[in-house]
Amino acid sequence: MSLDFSNFKVLIVDDHPVNRILISSQLKQLGCDTDEAVDARHALELLNTREFDIVITDCNMPDVSGF
């Protein structure tokens, strides 16, 4: 059984650009559609305007944590 991740919408929330690039690159190889946010406030803005299947967050971010 293989999983199909094509058109799977993922929001990546991380304050470190290298982490966002790495995660996004790996998910795109699986066929996922990714968006990125640099902090929790930006992520909440995106969540109010778009739908995502999953959100991947860094738990240790400035201002508002990923928890």
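Predicted model: local features only at pLDDT ≥ 70, side-chain atom pairs only at ≥ 80, totals over all residues.
Cys59 is partly exposed, its relative accessible area being 36%. A disulfide, after all, is a covalent bond between the sulfur atoms of two cysteines, and a pair counts as one when the sulfur atoms are within 2.5 Å. In keeping with this, a search of the whole structure turns up zero disulfides. Cys32, too, takes part in no disulfide.

Stepping back to the overall fold, the protein contains two helices and three strands. Along the sequence these elements follow the pattern β-α-β-α-β. The radius of gyration is 12 Å, close to the 11 Å that the globule rule gives for 67 residues, so the protein is as compact as a globular protein of that length. Along the principal axes, the C-alpha atoms fill a box of roughly 40 × 25 × 15 Å.

Now for the surface and the interior. Of the 67 residues, 25% are buried. The accessible surface amounts to about 4,800 Å², and carbon and sulfur atoms provide 53% of this area. As for charge, the protein carries 5 positive and 12 negative side chains. The centres of these two sets lie 4 Å apart.

Conventions:
Residues numbered from 1 in each chain as written. Heavy atoms only, no water. Helix = DSSP H or I, 4+ residues; strand = E, 2+ residues; numbered from the N terminus. Rg over C-alpha atoms; globule rule 2.2 N^0.38 Å. Buried < 20%, exposed > 50% of the residue type's maximum accessible area, 1.4 Å probe, protein only. Areas by Shrake-Rupley, 256 points an atom, 1.4 Å probe, with all protein chains shown as cover. Lys, Arg positive; Asp, Glu negative; His and termini not counted. Charge placed at Lys NZ, Arg CZ, Asp CG, Glu CD.
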